[in-house]
Amino acid sequence: MSAPGENLRINGDRLWDSLMEMAKIGPGVAGGNNRQTVTDEDGEGRALFQKWCEDAGCTMGVDQMGTMFARREGTDAGALPVYVGSHLDTQPTGGKYDGVLGVLGGLELIRTLNDLDIKTKHPIVVTNWTNEEGTRFAPAMLASGVFAGIHEQDWAYDREDAEGKKFGDELDRIGWRGDEEVGARKMHAFFELHIEQGPILEAEGKDIGVVTHGQGLWWLEVRLTGKDAHTGSTPMDMRVNAGLGMARITEAVHRTAMDHQPNAVGAVGQANVYPNSRNVIPGRSVFTIDFRSPDLAKLTSMREQLEKEAAEIARDLGLGIEIEPTGHFDPVEFDKDCVAAVRNAADRLGYSHRDIVSGAGHDACWINRVAPTAMVFCPCVDGLSHNEAEEISKDWAAAGADVLMHAVLETAQIAE
């Protein structure tokens, strides 16, 4: 087996052009994208990706969760494929690169190998996982979770959005429910290229993040029940204020995360009060808590501490309280050989790099359960993501895709 030469690089201009072309589908209101999962815009983005893959000589498979698999054949028909990819769906006010870079970076890898007539022993498959974001249908990483056996497929189909529409029905509506059994594919390895979504690489002037671990996560939905009442005529000592309870628990979330430093974070990210009228004391509040840490003991402790304190706050204020977990995964340690392939690629190409822990969840976190997996990070400006102002440079994108290609080639083996 020959190692890929250090002069082997992807076409950075072509990759950038593809990113900009995909960004035209589902444009946001402030320069980013709103291409939420299983919407018409998602369907349009999928169709463009399929066309590009077929133009590159790939065959397309689609599973029953709508995940797309574009395959480039290898020289050994019996060898398990090396998979690469990420997701094309976005937040409602998302950027042009979160997820998309990993999918189109995989496509660019295929295009470059075609240009140079490089064949690999193992097939290479570029993947677009359905509903990574989880913003319309919780939880995040839904399709990869079904693939890895974390979620039941029927349960996933029954997830509802804010309008009561079911995921399975919407997947049917846009015409992207495939026939292939979810999880039937076997992988030699999986690599995911992604923007960092944090400030470390840019702040330290590093080209590449070699992702060794992923943070674990708890998403908790809290529902407080009090009593709607007039804000002007209800005495302060006779109020049962669900908004006040939410405020005190929000502060407790921050304090809990601070109590578990270092390497622990927490925040309330989504909050609603009802009836949400300026002159009515809220009788109900519903909000979500997001705790994360690469340390399982800290992650568990944060949930336990918050649930105990939230119950005390609710009791003190006379509120009813329910807390329901809506998302969870344990901290992830990525495959040492795959991580070494990423590090070797960065060294071979002369890119500055550092080991890094992923602060966000990714499809790779679930796929790591069923196949050797690693991730490649490139910097993003000011660490900003899940925001239409999300930005990366063409050079950062190219460097990430270069490292992805070399790591994949080391793993898929260049055919002699």
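Q: Where is the place of His87?
A: His87 lies in the loop between β3 (82-86) and α3 (100-115). Helices (H or I, at least four residues) and strands (E, at least two) are DSSP runs, numbered from the N terminus. Residues are numbered from 1 along each chain as its sequence is written. This is a predicted model, where local features need pLDDT of at least 70, side-chain atom pairs count only at pLDDT 80 or more, and totals for chains, interfaces and linings use all residues; side-chain values use heavy atoms, with hydrogens and water left out.

Q: Why is His87 called buried?
A: Buried means under 20% relative accessible area, exposed over 50%, and partly exposed in between (1.4 Å probe, protein chains only). His87 has 0% relative accessibility, so His87 counts as buried.

Q: What makes Gly12 buried?
A: Gly12 has a relative accessible area of 18%, so Gly12 is buried too.

Q: What joins the side chains of His87 and Asp98?
A: A polar contact of 3.3 Å joins them. The term stands for a pair of N or O atoms within 3.5 Å; within protein, one must be able to donate a hydrogen and the other to accept it, and residues adjacent in sequence count only if both atoms are side-chain atoms. Asp98 also makes a side-chain polar contact with His194, at 3.0 Å.
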